[in-house]
Amino acid sequence: VELELSDDQAFFVETTRKFLAAECPIPVVRALEHDPAGFDRAWWRRGAELGWTSMLVPEADGGGSLSEHGLLDLVLVAEEMGRLVSPGPLVPVSVVAAAVAARGSADQRAAVLPGLVAGETIAAWCGVTPVDGEVRADAIVLTGTAVPVEAGAQADHLLVAARTGSGLTQVLVPAGTPGVTVTPLGGLDLVRRFASVRFDGVTLPATAVVGEVGGAAAAVERQLQIACALQCAESVGVVDRVFEMTLEYLGDRYSFGRPLSSYQALKHRMADDKMWLEACHATAGAAARAVATGTANAGELVSVAKRWIGPHATELIQDCVQLHGGIGVTWEHDLHLYLRRATVNRAMYGTPEWHAERLAADLFGAAS
Amino acid sequence: VSGDEVEPVERFRQRARAWLAATMPPECDGMAQRGEPGRWDHERRLQRTIWDGGFAGICFPAEYGGLGLSVEHQRAFTQESLPYDMPYALNVPTFGILAATLVDHGTHEQKARHLPAILRGDEVWVQFLSEPSGGSDLAGCLTRAERDGDVFILNGSKIWSSGAVDADYAMCLARTNWDVPKHRGLTMLIVKIHQPGVQVEPIRQVDGSTEFCQEFFDDVPIPVGDVVGEIDDGWTVASRLLVHERLAVGGGSPYTSGRSGGHDAGGDDLGLVEVVQSQGRAGDAHARQLVAEAHVRQVVHGQLNRRLTQAMRTGAMVPSAGSLMKLFGATNVMRRAEIGLELTGEEGVVWPAGADTVGERLGSFTLGRQGMSLGGGSNEIQRNIISERLLGMPREAAADREVPYRDVRRAGR
């Protein structure tokens, strides 16, 4: 994503890249296809040791980042994971860790953060669409279904938004709480797991509420922004790697006595693809910087990036499949893993159309 | 400010802010159209005011009338200048392209003669590069300059020079040696535009504008002292000029002051929200998607330009990366104009006679939109540059390499 990295960040990227290449190359990703969790817990703990789970958590809570804004360090991990279509619940764990670190009580921080930072526990974020919440004297009762929830069936903690009266309230729900039914879903990605989470009158103590009752709208928006910034960085890593593979392939492959890369019709398509790719880098980077520094237009820039990257990433990869020829549509070739990830990312955390409507609401609101 | 001490950026900014507020008129969109009569005199007067105020040529060498300050000083001035009417039409090509090339390749005499005059607003410059015989093959130019004692005699024709009719000088690429391969027989000349033997004719574009011109040269004497760079090495100068062009157009030039290009208002610059609301379709999901798409494209364009400008400045990407900006800008205009046409519907093709409507602006905009895909190197040439120089893919075969230019096959001979 970024052109200029600090020495610390460059070293961090290098360490993450080497670790992923050694411990989770594509054959390992493929082997996880039928694994219910889609990732190996011991592997995730080792990633956590590298700092993957610490960046959005303050030092006082056991975390710590390389630069002033941990999200700018974490998007580097997301991009590297995209380049190898890595497994692992980076987005939900990061979003929930950041949310609890920002608004959780001392007890909640102590109960949740050490496990997440160490990679011992997993958290799932139930998204922006609220379930119904009923506030009682010393409790809150949740009813409704959150779907799809990334890593929902693997999570130890669920962070869910509930509509309480005119406001939103966020609640931390321990996995296994009576009334919570988690149903794993099938899906396009070989290793990324989603679930449907149903709440049937789930009763939790008031101490499970994160922040104030009815005051969570801004926090939920912030969580969406973090999720999208990380997802966009991952998608950029995905398309960057596919483009690299395709450029190499066109140089290696010969027909009619000349390399494919010498045909102007193909050169011009690669020029266009390079342009879409650089635009993906640019908009993902701008979104990450805005979210990291909390600028007023962070929500807008996140939606711009989601609207841009979603369709362009999938279109660019499909074009690279075409440039590969028949091998590109085989199970054996890795391209489909990348296309799967980009297609899933396009739909998750708001479709491009949903984000476009957010922008339209701003534009029409501003004009009236 | 005295002595050799460089004024700190913040103090410079404060001084610029106060001076601008006291001196410059507010931004006025009515004057923003370059084609309007009187616009150029207006631009020149604004520049003279800036010169008199001591803020002209912030990054130009002090020896030649500039201030010799840093890019940070220039950026501070530009930020402060945004609310005011500035001579932004002088940024491209005069300051950012031609004056910048003169700084790099001009002789001391050329710089001393022209740079202060440029910074005073007395000289407006343009480039004479493309020719009627073909614009993409820039080094294949046929305009010739033959040496005759202390002068070159210029004959031929150039085309697509913007604003030449209102300008004073041009840098003109001409063939001075026909016995060597095409890139090695070119010379860059400074040409005074308004003189006997030079005929300038505005070209009327499909959208009615007359910004572009064609020039005809009939035995125009050019003093040898007006050669920029070395004789027969004009391609080096032209290549440098093109680098400055990409930087200036992309907003990454240290030599432009104030905003460059149009008065980019940001937000809904095309007025699409107004169109949709006036049709009573503010609740129409399809229309809202299109308005958002146009907005996204505008924002991403700016983000891409900032990324590439930074990449070229730090050396992370070769200067050819400017072609990505150019191609993106051109294809983006095509799509955004299409969105405008779709949303305006009938209002984009008929309007109350004499009225200035958004529909009329958007409808006319769609007619001229192709210009961006052609001017400054067509999309096809940009795609060649990107694939070959940026991605390292094999170069296109060419029949004119390592062949004396007089032996190269051309149309009609």
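**Two chains, one interface**

Me: Hi! Where is Pro148(A) found?
Reply: Pro148(A) sits in strand S3 of chain A, residues 139–150 (helices, H or I, have at least four residues and strands, E, at least two, as DSSP runs numbered from the N terminus). This is a predicted model, where local features need pLDDT of at least 70 and side-chain atom pairs count only at pLDDT 80 or more, while totals for chains, interfaces and linings use all residues. Residues are numbered from 1 along each chain as its sequence is written, chains are lettered from A and ligands numbered from 1 in the order in which they are written, and side-chain values use heavy atoms, with hydrogens and water left out.

Me: Is the peptide bond from Val147(A) to Pro148(A) cis or trans?
Reply: That bond is cis, with omega near -10 degrees. In chain B, the bond from Val92(B) to Pro93(B) is cis too, with omega near 5 degrees, and Pro93(B) lies in helix H4, residues 91–105.

Me: OK, on to the interface. How many residues of chain B are in contact with chain A?
Reply: 39 residues of chain B are in contact with 39 of chain A, contact being heavy atoms within 4.5 Å. The two chains bury about 3,500 Å² between them, 68% of it on carbon and sulfur atoms (buried area is the accessible area, 1.4 Å probe, that two parts lose on being put together, summed over both).

Me: How many salt bridges does the rule find across it?
Reply: Six, taking a side-chain nitrogen of Lys or Arg within 4 Å of a carboxyl oxygen of Asp or Glu. One pairs Arg383(B) with Asp272(A), with the closest N and O atoms 2.8 Å apart.

Me: Which helices of chain B supply that side?
Reply: H7 (272–278), H8 (285–314), H9 (322–344) and H11 (379–390) each supply at least two residues. H8(B) gives the most, with 17 residues.

Me: How does H8(B) pack with H9(A)?
Reply: H9(A), residues 298–324, and H8(B) pack at about 95 degrees with their axes 10 Å apart. Axes are lines fitted to C-alpha atoms, for helices over the stretch in contact, and angles run from 0 to 180 degrees between N-to-C directions. The two helices are therefore roughly perpendicular, the label for 65 to 115 degrees.

Me: Which residues meet there?
Reply: Among them are Trp308(A) and His312(A) in H9(A), and Val296(B) and Gln303(B) in H8(B).

Me: Last one: what is the phi of Val85(A)?
Reply: Val85(A) has a positive phi of about 40 degrees although it is not a glycine. Val85(A) is in the loop between helix H4 (70–83) and helix H5 (90–103) of chain A.

Notes:
Parallel < 35°, antiparallel > 145°, perpendicular 65-115°, else oblique.
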